[in-house]
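Colleague: I am new to this structure and would like to go through it with you. Could you show it to me, please?

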Amino acid sequence: MVYRFIADAMLGKLAKWLRIMGCDVEYFSSISDRELVERAHSSGRIILTRDTLLIRRRKAKNNHFFIHSDRYKEQVKQVVKHFSIDPYAKILTRCILCNEPLINIDKEEIKDKAPIYVYETQNTFETCPSCGRLYWQATHRDKMVRQLEAMLAG
Ligand SMILES: [Zn+2]
């Protein structure tokens, strides 16, 4: 089951970490409750929220998931557990800033964009079709995996 989410404005860090795991999470740092609820309703997304007023709205009643903790690590754990998300299966397949799925890019094409050391030591590069940010796997991925392991432990 692949879930699609929209996170409320208070849950920026949760949204970021879910995107790192490859989850589809819309996030806007300034959006009204009404807009957020409308957007979730029309696009079939689950609202991740800590807002007890928001979840009383008619169009949010049956499609929200209430986040208990105000600490992002606990929030990540709650979502991963509840939705049975495999945190590593699709790690770094989506842009952390835009939520767009990354696409492979030919090494030659990024010669001028990547730091020389990275260019010389890495072979696989991905880019975000929306913002153009460059992603490379090895070092970045290992770091994220370690952080996730620490976060989800215990
Ligand atoms: Zn992007």
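This is a predicted model: local features need pLDDT of at least 70, side-chain atom pairs count only at pLDDT 80 or more; totals for chains, interfaces and linings use all residues.

Colleague: Understood. How many bridges join E1 to E2, and do they run parallel or antiparallel?

Modeller: Strand E1, residues 4-7, is joined to strand E2, residues 24-27, by four bridges, and the two strands run parallel. Within that pairing, Phe 5 has Val 25 of E2 as its bridge partner. Between E1 and E2 the chain passes through helix H1, residues 12-20, and this β-α-β crossover is right-handed.

Colleague: Where does H1 lie, then?

Modeller: H1 lies across E1, E2 and E3, and runs at about 150 degrees to E2.

Colleague: You mention E3. How many bridges does E1 make with that strand?

Modeller: E1 pairs with strand E3, residues 46-49, over three bridges, in the parallel sense. Here Ile 6 has Ile 47 of E3 as its bridge partner.

Colleague: What is the order of the strands in the sheet?

Modeller: The order is E2-E1-E3-E4, in an open sheet of four strands with parallel pairing. E2 and strand E4, residues 64-66, are the edge strands, each pairing on one side only. On average, neighbouring strands of this sheet are turned by 30 degrees against each other, direction ignored.

Colleague: Let us change topic to helix H3. Which of its residues are buried?

Modeller: In H3, which spans residues 72-82, Gln 75, Val 76 and Val 79 are buried. These residues are on the same side of H3, because they cover an arc of only 100 degrees around the axis.

Colleague: And what follows H3?

Modeller: Ser 84 follows H3, and its phi is positive, near 50 degrees.

Colleague: One last topic, the domains. Which residues does the assignment give to each domain?

Modeller: The domain assignment of the chain gives residues 4-82 as domain 1 and residues 103-152 as domain 2.

Colleague: How far apart do the C-alpha centres of the domains lie?

Modeller: The C-alpha centres of domain 1 and domain 2 are 27 Å apart.

Conventions: Residues are numbered from 1 along each chain as its sequence is written. Two strands pair if DSSP finds at least two bridges between them. A crossover is right-handed if, with the strands pointing away from the viewer, the path from the first strand over the helix to the second runs clockwise. A residue is buried if 20 or more other C-beta atoms lie within 10 Å of its own, exposed if 12 or fewer, and partly exposed in between; C-beta atoms are placed from the backbone. The arc is that of the directions from the helix axis to the C-beta atoms. Domain bounds come from an automatic or database domain assignment. Axes are lines fitted to C-alpha atoms, for helices over the stretch in contact, and angles run from 0 to 180 degrees between N-to-C directions. Two residues are in contact if their C-beta atoms, placed from the backbone, lie within 7 Å.
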